[in-house]
Amino acid sequence: MKYNCEEHIQLLNYQQELKKQNKSLRTQDPIKYSKLRKYSARISEYLHWSQKNEYLQLIKDFLNSKIDGKEFDKKFSKMVTVIEKKSSLLFKNYEELKRIEPSPRSFGFGTWISEIYLCCNEFYEDYDLNEGEDPALKTEEQLRDAVKSLFPEIQKYF
C-alpha cells in the first residue's frame with residue numbers, strides 16, 4: 001500500500017470525531033480502521049528505519065560483546081520507546097506529519113525491530129536455565145543468539 005498523507009490525516013481526524021462521540025473507528029468502519037493502522041505503521045516503521053545506523057551499531061556492539069545483555073536491552077528498548085513516542089506525537093501534529101515521506105525501502109524494517117524488542121522483553125540477566133523456570137525467558141547467551149539470527153534481516157536494509 002502506497003502511503004497517502006492526506007488520507008492518513010483524514011482517517012486520524014475521523015477517528016478523533018468518533019472518539020468525541022464515544023464511538024470506535026474499529027467498530028464503526030473496520031476497513032478504514034485497517035487502513036489507518038497500516039498508514040500509522042508505515043510512519044512508525046519509517047521512523048525506526050531512519051535510525052537504522054544507530055540500531056546497526058548497537059546490534060554490532062552487542063554481537064561483538066562490547067556491551068552486555070543488560071546494556072543492550074536497556075539501550076535498544078529506549079530507542080524503540082523514543083521512536084514510538086515520536087510516532088504518537090506525529091499523529092497529533094499534522095504539520096509535522098506532512099513533512100514525512102516514508103521511503104519504500106523502510107517497508108518491513110519495523111518487523112525486525114519488533115522481533116528484537118520481543119527478545120529483549122524475554123531477557124532476564126539473572127535467569128538460570130538450571131532452575132527450571134519459564135523456558136520462554138532468555139539468558140544473555142540466548143538473547144545474543146536470537147539477535148544474531150535476526151541480524152541478516154536487518155542488514156538487508158543497508
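Modeller: Let us take helix α7, whose 13 residues should span 18 Å at 1.5 Å a residue; its end C-alpha atoms are 19 Å apart, which agrees. The expected span here is 1.5 Å times one less than the number of residues in the helix. Helices are DSSP runs of H or I with at least four residues, strands are runs of E with at least two, and both are numbered from the N terminus. This is a predicted model, in which local features need pLDDT of at least 70 and side-chain atom pairs count only at pLDDT 80 or more, while totals for chains, interfaces and linings use all residues. Residues are numbered from 1 along each chain as its sequence is written, and side-chain values use heavy atoms, with hydrogens and water left out.

The buried residues of α7 are F109, G110, I113, I116, C119 and C120. Buried means under 20% relative accessible area, exposed means over 50%, and partly exposed lies in between, for a 1.4 Å probe and protein chains only. The spacing of such residues can be read with a general rule in mind. An α-helix has 3.6 residues a turn, so residues three or four places apart point the same way. The cover over the buried residues of α7 includes α3, α4, α5 and α8.

Consider α8 first. The axes of α7 and α8 are 10 Å apart, and the two helices pack at an angle of about 175°. Axes are lines fitted to C-alpha atoms, for helices over the stretch in contact, and angles run from 0 to 180 degrees between N-to-C directions. α7 and α8 are therefore roughly antiparallel to each other. From α7, the residues F109, W112, I113, E115, I116, C119 and C120 make the contact, and from α8 the residues L143, A146, V147, L150, E153 and I154. Angles over 145 degrees count as roughly antiparallel, under 35 as roughly parallel, 65 to 115 as roughly perpendicular and the rest as oblique. Contact means heavy atoms within 4.5 Å. Q155 is also placed in helix α8; at 40% relative accessibility, Q155 counts as partly exposed. In space Q155 lies 9.5 Å from K52, C-alpha to C-alpha, although 103 residues separate the two in sequence.

Now turn to α5. α5 packs against α7 at an angle of about 135°, and the axes are 10 Å apart. These two helices are therefore oblique to each other. Their crossing is left-handed, a term used if the near helix is turned anticlockwise from the far one by less than a right angle, with right-handed used if clockwise. On the α7 side, I113, I116, Y117 and C120 meet F72, D73, F76, S77, V80 and T81 of α5. I113, I116 and C120 also belong to the α7 side of the contact with α8.

α5 itself covers residues 69–90; at 1.5 Å a residue, its 22 residues should span 32 Å, and its end C-alpha atoms are 31 Å apart, which agrees. Its buried residues are G69, F72, D73, F76, S77, M79, V80, I83, S87 and L90. Seen down the axis of α5, these residues fall within an arc of 155°, so they line one face of the helix; the arc is that of the directions from the helix axis to the C-beta atoms. The face turned away from this buried side carries the exposed residues K74, K78, K85 and L89. Besides α7, the buried residues of α5 pack against α3, α4, α6 and α8.

Between α6 and α7 there is a loop that contains P102. At 16% relative accessibility, P102 counts as buried. Leaving aside residues up to four places away in sequence, P102 touches Y3, R42, I43 and Y46. Another loop, between α4 and α5, holds S65, which is exposed, with a relative accessible area of 51%. The phi of S65 is near 60°, a positive value in a residue other than glycine.

Finally, the wider setting of α7 may be described. The protein has 8 helices and 0 strands. Its C-alpha trace spans about 55 × 35 × 20 Å along the principal axes. Of its 158 residues, 42% count as buried. Among contacts with a separation of 6 or more, 74% join residues 24 or more positions apart.
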